[in-house]
Every structure is written in structure tokens, then in C-alpha cells.
Amino acid sequence: MPGAVAGRDMRPARIKVWDPVVRLFHWSLVGFFAFSFVTGDEWKSAHIVSGYIIGGLVAIRVLWGLFGSQHARFVNFIYSPFTVLRFLADTAGMRAKRYIGHNPAGGAMVIALLVMIAGIVTTGYMQTTDAYWGVEWVEDTHKTLVYATLGLIGLHIAGVVLASIEHRENLVRAMVTGWKRRD
């Protein structure tokens, strides 16, 4: 069998983890968030359109988190705060369990990023309405959420790098191809 490890079981050595919806969502969000950040005050109409696209992406991801494939569903990667903290402590000691899908910290990050980006989209939309156009707290909240999200993105990237090193697995490649090693 192609991909099977000789002398062991006949299961494929790799497993499809990230489906096309998850991968397309992830990389589209990366691109549109970066585009929105760069265009901010400089190219307002493009920034607004990008914000609407991001809002649509988040809505699709929430639906996919409820009804999508196994590793995409929230129920399969939302853990208790205690489990997340224990996983982070194990990670600090480079002894964390490997997960095929999102690990507890990764699952928490998915939820945190979705909530933050939904807040960014909401406050961005509010600024386009007559009721909230020019209201300072809405603009301030929008900017605060953007910069807090950049901080989360930095933590996310650091976590991906650390987990890739700890488990000797290229997680960026896995999010591009969808495949991870089985064991």
C-alpha cells in the first residue's frame, strides 16, 4: 500500500487532517487581515470591502466549526481551561502530547482569534453606520482589537513553530497540504 510503513501495520503513514474549507479559510483570513491592516486609513473603500469578506469568512468558519469535518468541528478541539494550562506547562517542558488536530492551546487560539476578529468586523461595520460614524469609542475599540489580534497572531505563530520543533512536524506545510503524519 502506498505510504504504508514497511514491516508495520498497513495503515497509511499520513492522514488527511485539514480539509479544503479549513485551509482556504485560514490562508484567506491571513491574506485579507494583512490587506485590511495595510489599507486601514489609506484606502478606505478597499478596507471596508475586505472587512466584509473577513466577516463572511468568520461566518463560514463558525458554521464549519459546527457542521464541518471531524478536525474542523469545535467540539473536537475545545478543552477546559485546566487542560489548556496543563498542555502549555507540558509544552514549556517540551513534553506535550501530540494531537492530530488542534491541540488544546491551538483550539483556544482558534476561538480567541475568531472572537477578536468578529469584534473587529463588528466595530468596523459600526463605523460605516450613521449611528456610530465618528464615535470615538467605536474607533478606539476597533484599533485596540486589531492590535490585540496582532499579539495573538504572534503567539499563534510562536506556538506553531514550537509545536513543529517539539513534534518534528512541519505544521505550516500541513495547513497548506492538509496532510499530517499518522503516528
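**Exercise 1.** Which helices do the buried residues of helix 5 pack against?

*Solution.* The structure is a predicted model. Begin with the extent of the helix: helix 5 covers residues 136-166 and holds 31 residues. From its first C-alpha to its last, helix 5 reaches 45 Å, close to the 45 Å expected at 1.5 Å a residue. Next, identify the buried positions, among them V138, H142, L145 and V146. Finally, trace their partners: the buried residues of helix 5 pack against helix 1 (20-39), helix 2, helix 3, helix 4 (104-126) and helix 6 (171-177).

**Exercise 2.** Determine where E139 and K143 lie, and state whether each is buried, partly exposed or exposed.

*Solution.* Both residues lie in helix 5, four residues apart, about one turn of the helix. E139 forms a salt bridge with K143, with the closest N and O atoms 3.3 Å apart. Buried means under 20% relative accessible area and exposed means over 50%. E139 has a relative accessible area of 32%, so E139 is partly exposed. K143 has 38%, and is therefore partly exposed.

**Exercise 3.** Locate R181 and E169, and classify the exposure of each.

*Solution.* The side chains of R181 and E169 meet in a salt bridge of 3.9 Å, N to O. This pair links distant parts of the chain, for R181 is in strand 2 (residues 179-181) and E169 is in the loop between helix 5 and helix 6, twelve residues apart. R181 is partly exposed at 32%, whereas E169 counts as buried because its relative accessibility is 10%. R98, E169, K180 and R181 are linked in a network of salt bridges.

Technical notes: Residues numbered from 1 in each chain as written. Predicted model: local features only at pLDDT ≥ 70, side-chain atom pairs only at ≥ 80, totals over all residues. Heavy atoms only, no water. Helix = DSSP H or I, 4+ residues; strand = E, 2+ residues; numbered from the N terminus. Expected span 1.5 Å × (residues − 1). Buried < 20%, exposed > 50% of the residue type's maximum accessible area, 1.4 Å probe, protein only. Contact = heavy atoms within 4.5 Å. Salt bridge = Lys/Arg side-chain N within 4 Å of Asp/Glu carboxyl O.
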